[in-house]
Amino acid sequence: ENHTVWECKGRMARSSERSDMPSVSDKINEIGFGLYQVHVFVLCAGVVVAESGGLQTSAALASAIMQEYKVKGDLAQEAQMLSTYMGFALGTISSGFLGDYAGRRLPIFVAYLGMCCSVVGLYLMQTYASLCLGFCSFGFFGGLGIPAAFIALAEVCPSKLRGVTNAAMAFAFCFGDVWCALGFRILLPELVGKAWHGMLLWIGIPPFLLLAFGLISPVARLDTAHFLSARGQLESVKVLELMASMNDSGRVDLSAMAPEHEEKPVSVSDALQSLTSRENSLSVLALSVMFFVKDLAFYGMGAFLPLAWRKSSVLEGALPATELLCTALVGVPGVLVAMILIFSLPRRLAYAVAAGICAIGVYAVHGILDQQALFGVTGVVFYKLFYPTAQMITFLFPAEVFSTQIRVWSMSIIAFCGRMAPLAVPWIVHTSQHLFLFLTMGFFVLASLLVWSLPETKDTELKTLSPVATNTRVKASGDGYGSTTMAVAG
């Protein structure tokens with residue numbers, strides 16, 4: 001008993017000493033933003049570009065594919081998009097285990113490789129059923145990389161620049177749409193015809209180039225410092241050294257950063273226990289609603305902007321591919337608005353303002369359906385200006401609210417709830433376009449209220465240890481995992 005008491009006192013003394021040591025976030029803030037973060041941004045944004053361009057291409061090719069294979073019946077015609085969205089949802093939920101168990105890099109590189117292979121398979125497919133399977137595969141690998149990409153970017157950025165860097169990821173969504181529209185403008189201007197097979201290879205170019213970039217980039221050799229430090233691995237120090245070297249930050253003292261213990265990864269059951277705990281359950285609920293309305297608006301409102309062009313006569317006589325290109329470009333000013341609002345305002349206030357204005361904009365879109373073109377087009381403009389702010393804050397919150405051990409799990413589980421929206425969009429829009437607009441408006445209002453239940457996270461350090469992980473290590477004092485605080489913990 002005396003031996004146990006002295007052992008506990010020794011552990012507490014060591015823990016107290018380590019609590020004065022600098023955290024990973026402290027050192028990233030000291031090193032600052034530079035070339036390292038730019039490389040990571042390119043690798044992570046590339047997943048969004050490839051996924052966004054692929055999904056938009058799948059939707060725009062629907063008419064050409066139906067014409068080619070003479071597909072009849074509403075359900076059969078919707079099978080292509082439903083299979084794409086189903087794959088997207090399954091990939092999103094799969095990213096949680098892979099990203100928190102094997103690291104942030106693996107889901108991203110598997111996503112790039114999988115999308116490249118899926119594109120080749122799609123090009124070689126000869127039947128409508130096999131095409132649906134191919135699009136499901138592409139959607140799966142696209143969804144696999146998204147949660148890990150947003151988490152990785154958040155983990156490598158200095159605290160004060162995390163929000164604005166994440167907001168800049170909205171450019172990736174715009175670029176994916178622009179890439180898709182350019183392909184159609186060059187290869188299939190009318191969106192129908194025999195040349196649609198070329199678009200299948202076109203969407204494979206971004207993932208191929210980004211996979212090649214990842215193979216030569218030095219940042220891809222090691223995972224994020226936050227992930228490695230949570231595992232107690234010495235490579236976390238090497239990552240910070242590489243970051244300081246690439247950012248030309250001079251000599252940074254990392255002597256106090258060496259971890260003492262190797263930490264076990266949190267199991268699936270522990271992750272779910274943490275997410276459903278009293279501390280996190282309300283955050284999970286609020287973020288699930290925010291992700292749902294994000295996807296409901298993103299995929300559903302895509303059907304209304306082409307209508308707005310035609311009602312306003314701005315692009316009268318333009319080719320369908322030109323309408324797609326203008327639709328993609330009109331979102332760029334909204335990204336700039338998002339970067340300004342997220343940098344200058346608290347997270348919750350910025351989201352509430354953006355979601356509220358989006359709700360008003362969606363309500364005004366009714367004018368397109370009710371022969372009030374000016375009112376409807378004004379609503380579309382307001383929506384496109386402020387949607388990226390709500391979208392990017394939604395992606396940012398899981399990284400800032402949840403701890404390192406369950407960060408990708410939390411993003412993937414919550415985002416999976418959002419992925420249910422694209423599956424419902426075709427049915428809702430087909431049933432009633434007015435119903436879709438009212439639902440989207442209502443969810444935006446609800447999300448703008450629920451966001452206040454989340455903690456304010458602007459410029460805060462990322463959480464390192466979860467309560468579940470800490471309790472597990474305290475109980476396991478006999479197997480070398482008894483330390484309650486790591487040397488690299490924040």
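Biologist: In which helix is the place of alanine 390?

Modeller: This is a predicted model: local features need pLDDT of at least 70, side-chain atom pairs count only at pLDDT 80 or more, and totals for chains, interfaces and linings use all residues. Residues are numbered from 1 along each chain as its sequence is written, and side-chain values use heavy atoms, with hydrogens and water left out. Helices (H or I, at least four residues) and strands (E, at least two) are DSSP runs, numbered from the N terminus. Alanine 390 sits in the run of residues 373–401, which is helix 21.

Biologist: Is alanine 390 buried or exposed?

Modeller: Buried means under 20% relative accessible area, exposed means over 50%, and partly exposed lies in between (1.4 Å probe, protein chains only). Alanine 390 has 3% relative accessibility, so alanine 390 counts as buried.

Biologist: Which residues does alanine 390 touch, not counting residues up to four places away in sequence?

Modeller: Contact means heavy atoms within 4.5 Å. Alanine 338 is 52 residues from alanine 390 in sequence, with the C-alpha atoms 8.0 Å apart in space. The residues that alanine 390 touches are Tyr351 and Ala354.

Biologist: How many helices and strands are there in the protein chain?

Modeller: The protein chain has 490 residues, and 55% of them are buried. Of contacts between residues at least 6 apart in sequence, 85% join residues at least 24 apart. The count for the protein chain is 24 helices and zero strands.

Biologist: What share of the accessible surface of the protein chain belongs to carbon and sulfur atoms?

Modeller: Accessible areas come from the Shrake-Rupley method with a 1.4 Å probe; for residues, only the protein chains shown count as cover. The surface of the protein chain comes to about 19,700 Å². Carbon and sulfur atoms account for 66%.

Biologist: How many aromatic pairs does the structure hold?

Modeller: Rings of Phe, Tyr and Trp (its six-membered ring) pair if their centres lie within 6.5 Å; planes under 30 degrees apart count as stacked, over 60 as edge-to-face and the rest as tilted. By that rule the number of pairs is 14.

Biologist: What are the centre to centre distance and the angle between the planes for tyrosine 69 and tyrosine 128?

Modeller: The two rings form a tilted aromatic pair, at 6.4 Å and 45 degrees.

The pair joins distant parts of the chain, 59 residues apart: tyrosine 69 is in helix 4 (residues 62–69), tyrosine 128 in helix 7 (residues 128–156). Tyrosine 69 is partly exposed because its relative accessibility is 22%. Tyrosine 128, with a relative accessible area of 14%, is buried. The values asked for are 6.4 Å and 45 degrees.

Biologist: Which residues do ring pairs link into a cluster?

Modeller: Ring pairs tie several Phe and Tyr residues into a cluster. Its members are Tyr85, Phe150, Phe173, Phe291, Phe298, Tyr299, Tyr383, Tyr387 and Phe395.

Biologist: What is the volume of the largest cavity?

Modeller: On a 1 Å grid over the protein atoms alone, a cavity is a set of points where a 1.4 Å probe fits but cannot get out, and a pocket is an open set with protein on both sides within 12 Å along at least five of seven lines; lining residues have an atom within 4 Å of a point. Grid points are joined across faces, edges and corners, and a volume is the space filled by probe spheres set on the points. The count is five cavities of 30 Å³ or more. The largest cavity has a volume of about 150 Å³.

Biologist: Which helix gives the largest share of the lining of the largest cavity?

Modeller: Ala, Val, Leu, Ile, Met, Phe, Trp, Tyr, Cys and Pro count as nonpolar, Asp, Glu, Lys and Arg as charged, and the others, Gly among them, as polar. The lining has 11 nonpolar, one polar and three charged residues. Helix 3, helix 6 (105–124) and helix 7 each supply at least two residues. The largest share, four residues, comes from helix 3.

Biologist: How many charged residues does the lining of the second largest pocket have?

Modeller: This pocket has a volume of about 170 Å³. Its lining has 13 residues, with Ala45, Gly46, Val49, Phe175 and Leu210 nearest its centre. Helix 3 (35–60), helix 9 (170–187) and helix 11 (205–216) each supply at least two of the lining residues. By class there are 12 nonpolar, one polar and, for charged residues, none.

Biologist: Where is the place of lysine 70?

Modeller: Lysine 70 has a positive phi of about 50 degrees although it is not a glycine. At 62% relative accessibility, lysine 70 is exposed. Its place is the loop between helix 4 and helix 5 (74–101).
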